[in-house]
Amino acid sequence: DEHLYERYRFSSEGMLYLCRLLEPHIKNPTRRSHATTVPQMICIALRFFASGTYLYEVGDAEKLSKNTVCRTIRRVVIALQRYINTFIVFPGHLPTVAIKEGFSKIAGFPRVIGAIDCTHIPISTPTKQIEADYLNRNATHSLNVQITCDHQCMITSLDARWPGSILDTHIFEKSLLCQRFQEGLFDGLLVGDRTYACQSFLMTPYPDPETKPQNDFNIALSQTRLKIDTTFAILKARFNCLRDLRVSPERASQIVGACVILHNIATIRKERVPNEYQLPPDDIDPFTQDHPTGRGVRDAITAEYFS
């Protein structure tokens, strides 16, 4: 398992589970003696996700050609996509009450069912027509990926289709998750940083806390929100390919989805968490104007829980 974990991020039991899960979708129909087997395919894809090295290096390690490696990774990514709605569900796999309790135990912040933020995933320079869209504030090309998580660092929603130039708050406003909150489909709150506008269902810090209760609210919210930073850190430590995806935006989006599904499978199966992971730097977009209804809910929570 030590050997497997270092190279593939899963134990032997975990890898056998993935073979059973994906076999119907990736098995080679041919009986040729040189056809790649299902365990080989899983090993190739996991080694690429875990290491992020060049395809020929993965091929050398697994004794296969670069073309075979490329085709295999693609096949595994597409097969994993089939399970996106099985393994990524909001507000999570646990009952809502359990999720609220889990978040509440962190710092006493009430009614939370998810922490939200975005993270940039570096990609290759896209084609000329769309290149400018993918330039982020650091003048590099990326996807800006929105994720929510629960108190156990399970990823509960994913939106990986936006270019790096798009602001976090815009991504949220256009997301299906925001629409579902606006329709009143969830009993609970999201917590986010000052990038986001404070809304009746999304709590953000007081921009200028003036009293001790407001300051205590901010501290509790910040400690609760830290779960999303930890989730990003674990995800990128598990799957080093996310530090630099040398592929087109569309392919990058699909690989991000595959890695998120694998992260959730690893979390459910209690696979080992990487020993060393670094919390991402707090990179905040320009502040957004709070909604009056959001301010009202924030004040009510402060009065009831932090006064």
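The points below concern a sheet, a helix and a loop residue in this predicted model.

1. On the basis of the note: this is a predicted model, in which local features need pLDDT of at least 70 and side-chain atom pairs count only at pLDDT 80 or more, while totals for chains, interfaces and linings use all residues. Residues are numbered from 1 along each chain as its sequence is written, and side-chain values use heavy atoms, with hydrogens and water left out.

2. On the sheet: five strands form an open sheet with mixed pairing, in the order β3-β2-β1-β4-β5, where strands (E, at least two residues) and helices (H or I, at least four) are DSSP runs numbered from the N terminus, and two strands pair if DSSP finds at least two bridges between them. The edges are formed by β3 (155-163) and β5 (202-203), each of which pairs on one side only.

3. On the pairing of β2 with β3: strand β2 (residues 142-149) runs antiparallel to β3 and is joined to it by six bridges. Within this pairing, Q146 stands opposite D159 in β3, and W162 of β3 is the bridge partner of N144. The hairpin of these two strands has five residues between them, and C153 takes a positive phi near 65° there.

4. On helix α3 (residues 38-51): its 14 residues should span 20 Å at 1.5 Å a residue, and the end C-alpha atoms are 20 Å apart, which agrees; the expected span is 1.5 Å times one less than the number of residues. Because 11 of the 14 residues are buried, α3 is largely enclosed by the rest of the structure, and among the buried residues are M41, R47 and F48. After α3 comes G52, whose phi is positive, near 70°.

5. On K270: this residue lies in the loop between α12 (249-268) and α13 (292-305), and K270 counts as exposed because its relative accessibility is 73%.

How values were computed
Buried < 20%, exposed > 50% of the residue type's maximum accessible area, 1.4 Å probe, protein only.
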